[in-house]
Amino acid sequence: MPAESATDRAIFFDVDDFGVAATFTPDGGASSTVNGIFDKDFVAVDAGGSVAVALEEPRFVCRTSDVSTASDGDALVVDGKTYTIRVVEADGTGVTTLVLEEQ
């Protein structure tokens with residue numbers, strides 16, 4: 001089986017299907033457009049009481065090659081909203097999840 005390339009993965013993040021275009025700006029660097037899948041799930045958090053608290057946890061999943069320099073504190077703009085990247089989760093297959101904090 002031939003090795004999969006970053007170009008092959010691009011189809012998963014195509015803006016004509018499920019993907020959205022975002023602007024990635026590393027701290028002190030030049031911005032670039034990256035395609036990915038944006039998700040803003042609610043996550044239940046145990047706050048120690050009898051009722052869990054729900055928080056939004058925005059994430060952006062994209063090709064690792066598009067955000068290879070990403071780190072905590074960098075910026076990502078999605079649909080006109082600015083987010084700060086808080087966690088970079090590269091899965092080792094060429095796909096990275098950016099855990100975001102809305103500004």
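Author: Gladly! This is a predicted model, and a search of the whole structure turns up one aromatic pair.

Reader: Why is the pair of phenylalanine 38 and tyrosine 83 called tilted?

Author: The ring centres of phenylalanine 38 and tyrosine 83 are 5.5 Å apart, and rings pair if their centres lie within 6.5 Å. Their planes meet at 50 degrees; under 30 would be stacked and over 60 edge-to-face, so the pair is tilted.

Reader: What makes the pair a link between distant parts of the chain?

Author: Phenylalanine 38 sits in strand β2 (residues 32-45) and tyrosine 83 in strand β5 (residues 81-90), 45 residues apart.

Reader: How do you know whether tyrosine 83 is buried or exposed?

Author: Its relative accessible area is 1%. Buried means under 20%, so tyrosine 83 is buried.

Reader: And why is phenylalanine 38 called partly exposed?

Author: Phenylalanine 38 has a relative accessible area of 24%.

Reader: What makes the nonpolar surface patch?

Author: Val45, Val53 and Leu55 make it, with an area of about 210 Å². Leucine 55 belongs to strand β3 (residues 53-63).

Reader: Why does leucine 55 count as partly exposed?

Author: Its relative accessibility is 45%, and exposed would need over 50%, so leucine 55 counts as partly exposed.

Technical notes:
Residues numbered from 1 in each chain as written. Predicted model: local features only at pLDDT ≥ 70, side-chain atom pairs only at ≥ 80, totals over all residues. Heavy atoms only, no water. Phe/Tyr/Trp six-rings, centres within 6.5 Å; stacked < 30°, edge-to-face > 60°. Helix = DSSP H or I, 4+ residues; strand = E, 2+ residues; numbered from the N terminus. Buried < 20%, exposed > 50% of the residue type's maximum accessible area, 1.4 Å probe, protein only. Patch = residues over 30% accessible without salt bridge, like charges linked within 9 Å, V, L, I, M, F, W, Y side chains within 5 Å. Areas by Shrake-Rupley, 256 points an atom, 1.4 Å probe, with all protein chains shown as cover. Salt bridge = Lys/Arg side-chain N within 4 Å of Asp/Glu carboxyl O.
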